[in-house]
Amino acid sequence: MKLLIKNGRLIDPQNKLDAVKDLCIAEGKIVAIGSIPTEFTDCPVIDAKDWVVCPGLIDLSARLREPGLEYKATLESELDAAAAGGITSLACPPDTDPPLDEPGLVEMLKHRTKSLNHIHVYPIGALTQKLKGEKLTEMAELRDAGCVAFSHADEPITNLHILRQAMYYASTFNFSVWLRPQEINLANRGVAHDGEVATRLGLSPIPVCAETIALSNIILLVREIGVRVHVCRISSAESVAMIRTAKQQKLPITCDVSINHLHLSEMDIGFFNTNCHLIPPLRNLQDRDSLRAGLIDGTIDAICSDHAPIDDDAKLLPFGESEAGASGLELLLSLTLKWADSMNLSLIDGLKVITQIPASILAIDAGHLSLGAAADICIFDPEAYWKVTPSTLKSQGKNTPFMGMELPGSVKYTLVGGNIIYQRSN
Amino acid sequence: MNHQLQLNKNGELLHLLTIEGLPASILTLILDTAESFTGVTEREIKKIPLLRGKSIFNLFFEPSTRTRTTFEIAAKRLSADVLNLNIAVSAQSKGEALLDTVNNLSAMHADMFVVRHSQSGAAHMIASHVKPDIHVINAGDGRHAHPTQALLDMFTIRRYKQDFHNLRVAIVGDILHSRVARSQIHALSTLGVPEIRVVAPKTLLPNKVERLGVHVYHDMEKGLRDVDVVIMLRLQNERMQGANLPSNEEYFKYYGLTPEKLAKAKPDAIVMHPGPMNRGIEIDSVVADGGQSVILPQVTFGIAVRMAVMSILAGN
């Protein structure tokens, strides 16, 4: 099975390549770039003129809702959405029902995803049993079943002793621990940033210190234990500053931010727009600007979609009762391009945070277009705009603050292992 | 979802959800209309046929006696048919979704919903989903807004002080959890009150409250100095002890309205309270029943103001 992608602008951050070149695929791998071997004269061709050909995107946080939460979304719908978003690898957090805390569940998930469109799904195992924050999981067994890291999703670990022990245990095997910092008592069942908008609308507030105090604990434990930690979805300027200091001290910490927090602030809640009910909450404009800048100076390593498909009914409630989260798989590319463009970043630098860097955080061989690499590829038209509507989203979750907006970057093809798993129909 | 959903394209009131964003002309129209109804409430036959044949549903997802009763009286004086639904103990406990409840009631040909709900934004959500000919009045949503209470307070202030443009008003107590305070602040600033103060300990003030256009005081004696209007807020039982406040006694000592503290205000200052009062906790009985108190007239005016809101909505 051979395939030739002609005339495309190849952008590969890892190999520092940005040039119009042809790319040849055989047996699922990239076999030639630039000069076309003779055996490709008669094979299927994708003409990618005026389009960008880049490594398939890698998403660090996509909830697929299986097992247990199929009423919100299914693996089929969400992996289709990922393909339509140009994503070829994704990590899914353990907050399923039951949580991914036993090898059997992970094996079943891996098996289910393999039978679908071949997108690489990397489960993040639960750090504690049932995500209750009480007993450690069988991390080594879970790794053998396919988990690439361990996290506590959005569930709190109130007992710091348990968190410390879990970090020690994970570090025994050099596993990476993924944590979203939130001190649950300070969050105090809040639903919006403790600022002007929550005050005006009378919404229960979540102060910034709910994030920074938890982050401070994490950083101190990393300093003691040396465990590799990936900090998920920070939301505040203060957190950016703390991560920056931690990195200056050479602590083994990486960090990501969601597409939503990169573009939005508390102001977008307007008058109770439940699509802006997110975890962590959207904070103020200074926070947003610090996140945007932190991503450029490398304090924040990567962008994730923070994909959380939610059924309509759960958003058709008063703000405080609505379910938090936004659909994001199909917006990851567009919102990354939008950020890069507004920061005057080159495409190659913009794409780096959704290809090369997340691959290195996951420690997987992906996110580049090297000769011999698996042909996981995204082809998109950087000039085309598309409108976010319920019908343009393949995800079962139609919940996004960007509903109705025109966004840049239209995915034309997505390839996994040389197979076309998505082709834009028009 | 937009606050402008309470206005139609001609800028007339379709729903009353929040004071925020309403022009002074609409607030004044409501107050003037209420003024014309005060006569009705004092007549022997207290009914006028403005809303004859209209159905008004009181949807109370949260218990209330006073507000629900005044809405009911107001509707009946306008000759409307009133149905009280205490949903806190019916549909919600059966797990029926809020919008399903509203849709079912819409199918019974309601003309107006008066909604109280424990969640901020509930009335907005209902208003954005009902059929265009149904009007929604917010009778209190979470900590967000209680516009008719604020309007009746404005009515009271206007009655006793005539002009808003030279007043100093202090709102004292639990601003953090108070929908009444938020609506009062918007109403006072829209009507041109130059100085609005909030007086409370830091645990009862929301973050960035000064962005609402108020001056913050923690010392009540300073906060009341030379004010024309003192608005006391009710302290909810569940806030009295614990993480917000240590005790009733300490609260009363520092933030309760006593004759001594009231003496700091102007001699002709009026004292208001949205009720129900906790005597001896936020207000001394001597003050509550004293010559400067206008707390009972507030209740009476509440009926006229709610009649005004209902009749204006029904006409738009």
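The model is predicted: local features need pLDDT of at least 70, side-chain atom pairs count only at pLDDT 80 or more, and totals for chains, interfaces and linings use all residues. Residues are numbered from 1 along each chain as its sequence is written, while chains are lettered from A and ligands numbered from 1 in the order in which they are written.

Chain A is assigned domain 1 (2-53 + 372-383 + 407-423) and domain 2 (55-362). These bounds come from an automatic or database domain assignment. The C-alpha centres of the two domains of chain A are 30 Å apart. Their contact draws 21 residues from domain 1 of chain A and 25 residues from domain 2 of chain A. Residues are in contact if their C-beta atoms, placed from the backbone, lie within 7 Å.

On the domain 1 side of this contact in chain A, strand 2 (9-12), strand 18 (377-387), strand 19 (406-416) and strand 20 (419-423) each supply at least two residues. Strand 19 of chain A gives the most, with six residues. Helices (H or I, at least four residues) and strands (E, at least two) are DSSP runs, numbered from the N terminus. By class, the domain 1 side in chain A has 13 nonpolar, five polar and three charged residues. Ala, Val, Leu, Ile, Met, Phe, Trp, Tyr, Cys and Pro count as nonpolar; Asp, Glu, Lys and Arg count as charged; the others, Gly among them, count as polar.

Helix 4 (residues 160-172) and helix 7 (residues 209-225) of chain A pack at about 40 degrees, with axes 11 Å apart. Axes are lines fitted to C-alpha atoms, for helices over the stretch in contact, and angles run from 0 to 180 degrees between N-to-C directions. The two helices of chain A are therefore oblique to each other (under 35 degrees is roughly parallel, over 145 roughly antiparallel, 65 to 115 roughly perpendicular, the rest oblique). Leu160(A), Leu163(A), Arg164(A), Met167(A), Tyr168(A) and Ser171(A) of helix 4 meet Asn217(A), Leu221(A) and Ile225(A) of helix 7. This contact has six nonpolar, two polar and one charged residues.

In chain B, five strands form an open sheet in the order 7-6-5-8-9, with parallel pairing. Strands pair if DSSP finds at least two bridges between them. Strand 7 (215-217) and strand 9 (270-272) of chain B are the edges, each pairing on one side only. Neighbouring strands of this sheet are turned by 20 degrees on average, direction ignored. Three bridges join strand 8 (residues 229-232) of chain B to strand 9 of chain B. Val230(B) has Val271(B) of strand 9 as its bridge partner.

Terms used:
Contact = placed C-beta atoms within 7 Å.
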